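Student: Hi! I have a new structure open and would like a hand finding my way around. Can we go through it together?

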Amino acid sequence: MSKTHRPFQRGKGMLVVISGFSGSGKGTLMRGLMQNYDYYSLSISATTRKPRNGEEDGKDYFFTDKEHFLKMIQNGELLEYARYVDNYYGTPKAYVEQELAKGKDVILEIEMQGALKIKAKFPDSVLIFITPPSVEELISRLRGRGTETEEVIRARMEKAAMEAEGVEAYDYILVNDDLDRTVKHLNYLIQDQHMRVRSQIPFLEQIRGELRANYARMNELN
Ligand code: 5GP
């Protein structure tokens, strides 16, 4: 399948934070976004959580132990990190900086504490919260995964109830009811951010400079 290119590209890429309840379908949405458009890069997080069935090191996560994770924090290698249901998760800084410099929009699929840290450090980042259409659907997706014990499911539902209280800190809520439609919607939402005036300052400066030069040239001719 060929990927869609961005019609125009000016300057650096944008930092996009995607959060959502465990079971909201974020992971599948991210895959859809990466498969359909060539201007996104997905950050791969480091975690101390054990791999689930089918998960690969370096693809889904960089799986590591607590000691190494703490060293990454000490060395300033993480853009943000958080503890979530007894494990650490963090965003490696180098990849994000490299992809932004290339003009890619970098997606961080992270939980709420991390999202808030990113917004504080990078006010121009955009924060999007994904929810399933209902709690019933959320529980059935978590059970359907078949990879979690009832205890973990209970912990994740408790966490979801806490996270539901913090969603006001986000810029957008997106209901994931239909995968294809939500992927398209998510893409429009992100690409619209590039049209905000404050995202277009270098372009605006260029236009202003050209207008001034043109005006001066016309005056010289008269
Ligand atoms: P899971 O164990 O289901 O893969 O992820 C648990 C939670 O950790 C999810 O909400 C996921 O978005 C979040 N998460 C994954 N990577 C990171 C990260 O690098 N930083 C933060 N703060 N959260 C993350």
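This is a predicted model: local features need pLDDT of at least 70, side-chain atom pairs count only at pLDDT 80 or more; totals for chains, interfaces and linings use all residues.

Student: Which strand is Val106 found in?

Tutor: Look at strand E7, which covers residues 105-109; Val106 belongs to that strand.

Student: And how far is Val106 from Met14 in space?

Tutor: Their C-alpha atoms are 6.2 Å apart, although 92 residues separate Val106 and Met14 in sequence.

Student: Okay, let's zoom out. How many helices and strands does the chain have?

Tutor: The chain has eight helices and nine strands. Its C-alpha atoms fill a box of roughly 80 × 40 × 35 Å along the principal axes.

Student: What percentage of the residues count as buried?

Tutor: That comes to 41% of the 222 residues in the chain.

Student: Now the ligand. Which residues come nearest to the ligand?

Tutor: There are 16 residues around the ligand, and the nearest of them are Ser45, Arg49, Tyr61, Tyr89 and Glu111.

Student: What does Tyr89 do with its polar side-chain atom there?

Tutor: That atom of Tyr89 lies 2.6 Å from an oxygen atom of the ligand. For Arg156, an N or O atom in the side chain is 2.8 Å from an oxygen atom of the ligand.

Student: How much of the ligand's accessible area does the protein cover?

Tutor: The protein covers 96% of the 510 Å² that the ligand has on its own. The ligand also takes up the space of the largest pocket.

Student: Which elements give two or more residues to the shell around the ligand?

Tutor: Those are strand E5 (78-84) and strand E6 (87-92).

Student: And how do the shell residues divide into nonpolar, polar and charged?

Tutor: Seven are charged, five are nonpolar and four are polar.

Student: One last stop: where is Ser19?

Tutor: Ser19 sits in strand E1, residues 15-20.

Student: Why does Ser19 count as buried?

Tutor: Ser19 counts as buried because its relative accessible area is 1%.

Student: What lies 2.7 Å from a polar atom of the Ser19 side chain?

Tutor: That is the backbone oxygen of Ile110. The pair makes a polar contact, because the cut-off is within 3.5 Å.

Conventions. Residues are numbered from 1 along each chain as its sequence is written. Side-chain values use heavy atoms; hydrogens and water are left out. A residue is near a molecule or strand if one of its heavy atoms lies within 4 Å of it. A polar contact is a pair of N or O atoms within 3.5 Å; within protein, one must be able to donate a hydrogen and the other to accept it, and residues adjacent in sequence count only if both atoms are side-chain atoms. Accessible areas come from the Shrake-Rupley method with a 1.4 Å probe; for residues, only the protein chains shown count as cover. On a 1 Å grid over the protein atoms alone, a cavity is a set of points where a 1.4 Å probe fits but cannot get out, and a pocket is an open set with protein on both sides within 12 Å along at least five of seven lines; lining residues have an atom within 4 Å of a point. A molecule sits in a cavity or pocket if more than half of its atoms lie within 2 Å of its grid points. Helices (H or I, at least four residues) and strands (E, at least two) are DSSP runs, numbered from the N terminus. Ala, Val, Leu, Ile, Met, Phe, Trp, Tyr, Cys and Pro count as nonpolar, Asp, Glu, Lys and Arg as charged, and the others, Gly among them, as polar. Buried means under 20% relative accessible area, exposed over 50%, partly exposed in between (1.4 Å probe, protein chains only).
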